[in-house]
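Open the structure in your viewer and keep the selection tool at hand. The stops below say what to select and what is there.

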Amino acid sequence: MPLFGKKKDKTLVDNQQSVRSPPEPNEQRPGNPQPTPPESNGTQVPRSQPVDPPRPKLVFHCQQAHGSPTGIISGFTNVKELYQKIADAYDMDVSDILFCTLNTHKIDMTKLLGGQIGLDDFIFAHIKGRPKELDVTKSEDALGLTITDNGAGYAFIKRIKENSIMDTMPLIAVGDHIEKIDGKNLVGCRHFEVAKMLKDIPKGSTFTIRTVEPLKSGFSNIGPSAGKKGSSKYGSGKETLRIRSSGPATVEIPDEVVNIAVDKINGLLESFMGINDSELATTIWEMGSMSENPHDFTTKVDESEIKDFGFTDDFIFDLWGAISDAKQGRLNKMANFEEQF
């Protein structure tokens with residue numbers, strides 16, 4: 001009997017080695033080096049940067065001012081896109097929208113949608129109503145109108161001076177879109193173009209003006225739900241969405257100094273041109289707030305699109321005075337200004 005056991009078959013040993021469990025992903029065996037990540041031109045491929053999560057979409061509620069179901073709008077960056085979104089929500093032509101007010105269905109020019117919308121504001125769209133046409137004799141130098149526009153091609157009446165020529169016209173009212181003067185179509189004209197045309201009408205002459213009033217309802221407007229507590233306040237938030245005629249919309253926190261300065265500049269614009277334009281006033285303020293002196297401010301105005309308004313040197317000096325007062329905290333409230341055309 002042999003002293004040692006039977007010698008194992010070589011084939012059996014090889015098979016036992018071959019059935020070993022596969023290596024772990026990070027396990028490295030002798031003679032089998034760990035593979036390296038792919039390289040390009042001898043440099044290691046950089047890791048991808050983390051992607052910022054998408055910003056939440058801002059959603060606003062709207063109604064037609066004369067009464068309608070509540071619509072949901074979002075995804076706009078300027079005034080024209082906002083009007084198109086409202087038109088899409090109600091399956092109407094965008095040209096049917098005259099202007100919008102915030103948090104009221106009434107024709108309240110103090111609530112007019114301008115360059116900013118509070119994130120909690122409720123938008124009311126005022127729709128085209130009946131057209132009106134009448135002859136007006138310009139018996140005085142000024143007609144007594146303040147003109148603004150909706151930023152999308154419609155100029156309309158924002159204020160009518162008491163005891164002025166237009167105040168005696170029964171068919172002319174605040175909120176009316178000025179569609180034609182002496183047969184000339186003004187759709188697409190900015191407010192300052194319409195104001196200049198009215199101002200240039202010679203004293204003593206008679207002209208024909210065609211306006212379109214906002215659609216009115218014979219019943220109370222269907223307002224948004226007041227909720228269980230009976231609250232009917234809108235726009236309680238502090239943040240606002242600033243929309244521009246061009247460029248992206250931005251979310252901002254209102255600054256009281258800026259608001260007072262813009263109101264003051266808007267008052268000067270009414271005095272000088274008979275127009276009201278919060279976006280233009282804000283642009284002027286931004287130029288002035290970055291200027292160190294009147295000369296610097298005048299240079300900025302001359303190098304911008306604002307020069308096309310033809311501001312006189314005296315008017316630019318008045319603007320700088322308002323800007324300087326605001327920067328020094330000397331403005332508390334807006335003075336009253338009279339229309340000059």
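This is a predicted model. Begin with the aromatic rings, of which 5 pairs are counted when ring centres must lie within 6.5 Å.

Select Phe60 and Phe76. Their ring centres are 5.6 Å apart and their planes stand at 45°, so this pair is tilted. The two residues come from distant parts of the chain, 16 residues apart: Phe60 is in strand S3 (residues 59–64), and Phe76 is in the loop between strand S4 (71–74) and helix H2 (79–89). Phe60 is buried, with a relative accessible area of 1%. Phe76 also counts as buried, at 7% relative accessibility.

Next, select Phe99 and Phe156. Here the ring centres are 4.7 Å apart and the planes meet at 25°; planes under 30 degrees apart count as stacked, so this pair is stacked.

Move to helix H2. Which of its residues are buried? Select Val79, Leu82, Tyr83, Ile86 and Ala87 to see them. They span an arc of only 135° around the axis, so they sit on the same side of H2. Among the elements that cover these buried residues are S3, S4, S5, strand S6 (116–118) and strand S7 (122–137). At the N-terminal end of H2, Asn78 forms a cap, with a side-chain oxygen 3.2 Å from the backbone nitrogen of Lys80. Just after H2, look at Asp91, which has a positive phi of about 55°.

In soluble globular proteins, nonpolar side chains tend to be buried together. The largest core here has 45 residues, and Leu198, Leu269, Ile284 and Phe311 touch the most other members. Helix H7 (residues 313–327) contributes the most to this core, 7 residues. Select Leu269 and show its surroundings: leaving out residues up to four places away in sequence, Leu269 touches Gly274, Ile275, Asp277, Leu280, Ala281, Ile284, Phe311 and Phe315. Another core, of 25 residues, lies apart from the largest one and includes Met92, Ile97, Ala125 and Tyr154.

The last stop is Val257, in helix H4 (residues 256–273). Is Val257 buried or partly exposed? With 42% relative accessibility, Val257 counts as partly exposed.

Methods. Residues are numbered from 1 along each chain as its sequence is written. This is a predicted model: local features need pLDDT of at least 70, side-chain atom pairs count only at pLDDT 80 or more; totals for chains, interfaces and linings use all residues. Side-chain values use heavy atoms; hydrogens and water are left out. Rings of Phe, Tyr and Trp (its six-membered ring) pair if their centres lie within 6.5 Å; planes under 30 degrees apart count as stacked, over 60 as edge-to-face and the rest as tilted. Helices (H or I, at least four residues) and strands (E, at least two) are DSSP runs, numbered from the N terminus. Buried means under 20% relative accessible area, exposed over 50%, partly exposed in between (1.4 Å probe, protein chains only). A nonpolar core is a set of buried Ala, Val, Leu, Ile, Met, Phe, Trp, Tyr and Cys residues joined through side-chain atoms within 4.5 Å. Contact means heavy atoms within 4.5 Å. The arc is that of the directions from the helix axis to the C-beta atoms. A polar contact is a pair of N or O atoms within 3.5 Å; within protein, one must be able to donate a hydrogen and the other to accept it, and residues adjacent in sequence count only if both atoms are side-chain atoms.
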